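Subject: A structure for you to explore

Hi there,

Here is the structure I promised to send over.

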Amino acid sequence: MRAVRIGLPIAVLFVVASAAAVAVPLVRASMSASEPDERPAAAVEQFVCAQVASSVDDYCDRIAEDLGRRTPVTDDERVAAQPRRQALLDGLVREFGADCPGPLEHCRLPATTPEAVRQALIAAGFNDPAVRPARYTDPAPAGTILYAVPVGRACLVGYVQSETAAPPLIVGRLSDDACLSP
């Protein structure tokens, strides 16, 4: 008798808990199907960075950290920035005689200076580009020429190293609305 008094409430509790475990997800699923979620989808930013394993310059980590400080870029902003990215690459071809095999491949160009990169960006139609030697905290290898230009709510950020230019990344703006930290 004592076993029944203890076992019966436990059995009832188990049945109620099991029913709730099945019913709650079903109710939530039916509610979410009838009421669209107005929250924006989380943006996922992916990039590929290659560096020599023995390199002391951890610029791949700095690129990841830099992306974490920027606002996410929407699909529409990324699509809108693509023609401007191509215009930038076309400007490097015109101004430096660069060889840019594709939009995601490094361009080959003669050795240059930050001022020459600034002038090439202006000639390509980018007013007031940010151009300077990259620092150890920047999203580029140390000692390269780093540049950034605004494109709507996004930015094109790239760098020139010796006789190559990395294709610019389409990234969001920093918290101060700039494309490059001062």
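Let's begin with confidence. Among the elements of the protein chain, helix α1 (residues 2-34) has the lowest mean pLDDT, 47, while strand β3 (residues 145-151) has the highest, 96. pLDDT is the predictor's confidence in each residue, on a scale from 0 to 100. Helices (H or I, at least four residues) and strands (E, at least two) are DSSP runs, numbered from the N terminus.

Two stretches call for care. Over residues 11-34 the pLDDT is below 50, and beyond near neighbours in sequence this stretch has 1 contact in the model, where a contact means heavy atoms within 4.5 Å. Where pLDDT is low, the predicted coordinates should not be read in detail. For the protein chain as a whole, the average pLDDT is 78, and 69% of the residues score at least 70.

Some ground rules before we go on. This is a predicted model, in which local features need a pLDDT of at least 70 and side-chain atom pairs count only at pLDDT 80 or more, while totals for chains, interfaces and linings use all residues. Residues are numbered from 1 along each chain as its sequence is written, and side-chain values use heavy atoms, with hydrogens and water left out.

Now the overall layout. The protein chain has 4 helices and 6 strands, and along the sequence they follow the pattern α-α-α-β-α-β-β-β-β-β. Of its 182 residues, 33% count as buried. Buried means under 20% relative accessible area, exposed means over 50%, and partly exposed is in between (1.4 Å probe, protein chains only). Among contacts between residues at least 6 apart in sequence, 50% join residues at least 24 apart.

How many disulfides does a search of the whole structure find? It finds 2, a disulfide being a pair of cysteine sulfur atoms within 2.5 Å.

- C100 and C107 form a disulfide with their sulfur atoms 2.0 Å apart. The link of C100 and C107 is right-handed, with 115° about the S-S bond. C107 counts as buried because its relative accessibility is 0%.
- C155 and C179 form a disulfide with their sulfur atoms 2.1 Å apart. The torsion about the S-S bond of C155 and C179 is about -80°, so this disulfide is left-handed. C155 lies in strand β4 (residues 154-161) and C179 in the segment after β6 (169-172), so the pair ties together parts that are 24 residues apart in sequence. Both ends count as buried, C155 at 0% relative accessibility and C179 at 8%.

Next, take a look at helix α4 (residues 114-123). Which of its residues are buried? They are V117, A120 and L121. These residues cover an arc of only 100° around the axis, so they sit on the same side of α4; the arc is that of the directions from the helix axis to the C-beta atoms. An α-helix has 3.6 residues a turn, so residues three or four places apart point the same way. The buried residues of α4 pack against α3 (75-96), β2 (130-133), β3 and β4.

α4 is followed by G125, whose phi is positive, near 100°. F126 is found in the loop between α4 and β2, and F126 counts as buried because its relative accessibility is 3%. Leaving out residues up to four places away in sequence, F126 touches R84, A87, L88, L121, V149, V151 and L156. R84 lies over the face of F126, at 4.2 Å from the ring centre. For a charge to sit over a ring, NZ of Lys or CZ of Arg must be within 6 Å of the ring centre and within 35 degrees of the ring normal. R62 lies over the face of Y136, at 4.8 Å from the ring centre.

Finally, two backbone details. Most residues other than glycine have a negative phi, and most peptide bonds are trans. D128, in the loop between α4 and β2, has a positive phi near 55°, and D128 is exposed, with a relative accessible area of 70%. D177, in the segment after β6, has a positive phi near 75°; at 37% relative accessibility, D177 counts as partly exposed.

Enjoy exploring!

Best wishes
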